[in-house]
Amino acid sequence: VKVAILAIGNEVLCGKIVDTNGAIISREIEKMGAKVVHREVVLDTVDDIVLGLNHAFLYADLVITIGGLGPTVDDLTRIGVADYFDEELVYDEAVFDEIALMFTSMGRVVTENNKQQAFRFKTGTVLKNDNGTAPGLMLKKDERQVFLLPGPPNELLPMFDKFVLPIIKEQVLEPVVSRSYRLHGIGESAAEDKIIHLYEKYQNLDIAPYCAVSYIDYVVSTKQVNESEIDDFEVEFFKILEQFYIGSAEVSLCARVVDELRKKKMMISVAESCTGGMLASNFIEIPGVSEVFFDGVVAYSNESKMARLGVMEQTLSDFGAVSSEVATEMALGILKDSKANVSVSITGVAGPDGGTSKKPVGTVYIGICINSDVFVEKFNFSGDREKIRNRAMNQALYELFKRLIDHKETL
Ligand code: ATP
C-alpha cells in the first residue's frame with residue numbers, strides 16, 4: 001500500500017508549527033512495511049487542499065490529512081476533501097450530540113460554530129476522537145481512501161493507531177520486522193567504519209543509522225521471511241559494538257539509568273553547574289522517579305558551590321571551578337547528610353566565552369560517586385553552548401550507566 005500525508009495549515013507551512021505528526025506517523029507506516037510515497041504541506045484554502053489531494057493521489061492510494069477539522073473559518077479540510085471527491089457533506093445530529101457531550105465533560109460550553117464539526121461525508125465514516133472535540137472522518141471511493149485526522153498530536157496519534165494503522169496493516173503483503181540498537185560513547189564515522197563489512201554481508205537487511213547529538217540508533221529492518229538474518233547480524237554487531245550498546249532506541253538512556261538504580265535500590269542526587277538543571281530535569285521527566293531520585297542542586301557560582309555543596313575555597317582558587325578536584329568535591333558534597341548514595345557532578349565551560357588555552361570552551365569534568373567511590377573524567381566537547389551542555393548531560397548519564405553496570409559485578 002502506498003500512503004501520502006497532507007499536513008494542512010498556514011502555520012505549518014510558514015514553520016510556526018513543525019509537522020511532527022507527519023514524521024511520527026511516517027515512521028509507524030514504514031515500520032509496518034508500507035511505503036510513504038508523498039508528503040506535502042498546503043495552505044488552508046479549499047483550492048490548496050484540492051490541489052494537495054490531486055498531487056497525493058497521483059502517487060498514493062491512501063491519503064492521511066492532518067489538521068483543519070476545528071470549528072473556525074480556516075478549518076476547511078472537510079470541504080476541500082468533499083470538493084475533491086465530489087461528495088456531499090451532511091449534518092449529523094448524533095455527531096453533534098457527541099461533540100456537545102465532550103464539551104460538557106471538559107467544562108466548556110458548545111457554541112454555534114461547533115456545528116461545523118458535525119458535518120460528515122454522506123457515504124463516509126466518522127472516527128471518534130476520545131481526546132478532543134473534532135471527530136475524524138474517513139471516505140473511500142473507487143480505489144482511493146482518505147483519513148481526516150485532527151492536528152493536536154494527543155488527538156491524532158491515538159486515532160491514527162486505532163483507525164488507520166489496522167487498515168494499512170491489512171493491506172501490507174509482506175510485513176516488515178525491525179530492531180533497533182542505541183549506541184552511546186562512539187561517533188558515527190567510527191561506528192560505521194567498524195561495521196561497514198556487515199552492509200555487504202547482509203544485503204537483505206536495511207541497516208540505517210540515525211545520529212543524534214550524543215548517540216546513534218541503528219535500525220535494522222527486513223521482510224518477515226528474512227528475520228533470522230537479523231539474528232545473525234545481531235551476533236556480529238554485538239561482537240564489535242556491544243561495549244557502546246545501551247538498549248533499543250525505544251528506551252532512553254536516562255530510563256535505563258533509573259532502571260539500574262531501582263534494581264540496586266539506590267538513590268541519586270545531581271550537582272550541576274554548566275548544565276543548569278538539565279540532568280535533573282531529564283530524570284524528573286520519568287514517571288515514578290521519586291523512588292530513585294533524591295535531589296538536584298544547580299551550583300552555578302563559586303559561592304553556591306561552597307555554600308550548597310561544601311566545595312573548599314582553596315580548591316576553587318588552586319584548581320579553578322572547572323577542574324577534576326571541584327567535580328570530586330561537588331559529587332561528594334551533595335551526598336553529605338543525604339539519603340542518596342549515588343551522585344553525578346558536572347562542571348565545565350559551555351562558552352561561547354570563558355575559555356582559556358588550558359581550559360578551552362567545551363572542557364567539562366564529570367564526577368560520579370557510587371557509595372564512596374568517586375570517578376572523575378575530563379571531556380572536550382565541540383559545538384555551540386547548547387550542544388556542549390547537551391553532550392555533557394548525555395555523557396554524564398552514559399558514564400553513570402557504565403559504572404552502575406560495573407557496580408553490579410562487584411556486589
Ligand atoms: P482543533 O480542533 O484543535 O482546531 P484541528 O484539526 O483544526 O484541531 P489545527 O487547528 O489545524 O487542527 O491545529 C491545531 C493544533 O494542532 C496546532 O495549533 C498545533 O499545535 C497542532 N498541529 C497541527 N498540525 C500539526 C502537525 N502537522 N504536526 C504537529 N502538530 C500539529
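These questions and answers go through charges, backbone and surface in a predicted model.

Colleague: How many salt bridges does the count come to?
Modeller: Side chains of opposite charge can pair when their charged atoms come close. The cut-off here is a Lys or Arg side-chain nitrogen within 4 Å of an Asp or Glu carboxyl oxygen. By this rule the count comes to 24.

Colleague: Which strands does the salt bridge between D217 and R182 tie together?
Modeller: The closest N and O atoms of D217 and R182 are 2.7 Å apart, and the two form a salt bridge. The partners are 35 residues apart in sequence, so the pair ties together separate parts: R182 lies in β9 (residues 176-184) and D217 in β11 (residues 215-223). The strands are β9 and β11.

Colleague: Which helix holds R403, the residue paired with E377?
Modeller: The side chains of E377 and R403 meet in a salt bridge, N to O 3.1 Å. E377 lies in strand β17 (residues 373-380) and R403 in a helix spanning residues 385-410, so the pair ties together parts 26 residues apart in sequence. E377 is partly exposed at 30%, whereas R403 is buried at 15%. The helix is α14.

Colleague: K305 is buried yet has no salt bridge; how far away is the nearest side chain of opposite charge?
Modeller: K305 sits in helix α11 (residues 302-309). Its contacts beyond four places in sequence include A299, Y300, V311, L316 and M330. The nearest side chain of opposite charge is E303, at 8.2 Å.

Colleague: What is the phi of D86, which is not a glycine?
Modeller: Most residues other than glycine have a negative phi. D86 lies in the loop between α4 (77-85) and β4 (89-91). D86 is exposed, with a relative accessible area of 70%. Its phi is positive, about 55 degrees.

Colleague: Where is D142, which has a positive phi although it is not a glycine?
Modeller: The phi of D142 is about 50 degrees. At 62% relative accessibility, D142 counts as exposed. D142 is found in the loop between β7 (136-141) and β8 (144-149).

Colleague: What is the omega of the cis peptide bond from G351 to P352?
Modeller: Most peptide bonds are trans. P352 lies in the loop between β15 (342-348) and β16 (363-370). The bond from G351 to P352 is cis, with omega near 5 degrees.

Colleague: Which residues make the nonpolar surface patch of about 200 Å²?
Modeller: Patch residues need over 30% relative accessible area. L43 is partly exposed, at 33%. L43 lies in the loop between β2 (35-42) and α3 (46-59). The patch is made by L13, V41 and L43.

Key
Residues are numbered from 1 along each chain as its sequence is written. This is a predicted model: local features need pLDDT of at least 70, side-chain atom pairs count only at pLDDT 80 or more; totals for chains, interfaces and linings use all residues. Side-chain values use heavy atoms; hydrogens and water are left out. Helices (H or I, at least four residues) and strands (E, at least two) are DSSP runs, numbered from the N terminus. Buried means under 20% relative accessible area, exposed over 50%, partly exposed in between (1.4 Å probe, protein chains only). Lys and Arg count as positive and Asp and Glu as negative; His and the chain ends are not counted. Contact means heavy atoms within 4.5 Å. Patches are made of residues with over 30% relative accessible area and no salt bridge: like charges are joined within 9 Å, nonpolar side chains (Val, Leu, Ile, Met, Phe, Trp, Tyr) within 5 Å. Accessible areas come from the Shrake-Rupley method with a 1.4 Å probe; for residues, only the protein chains shown count as cover.
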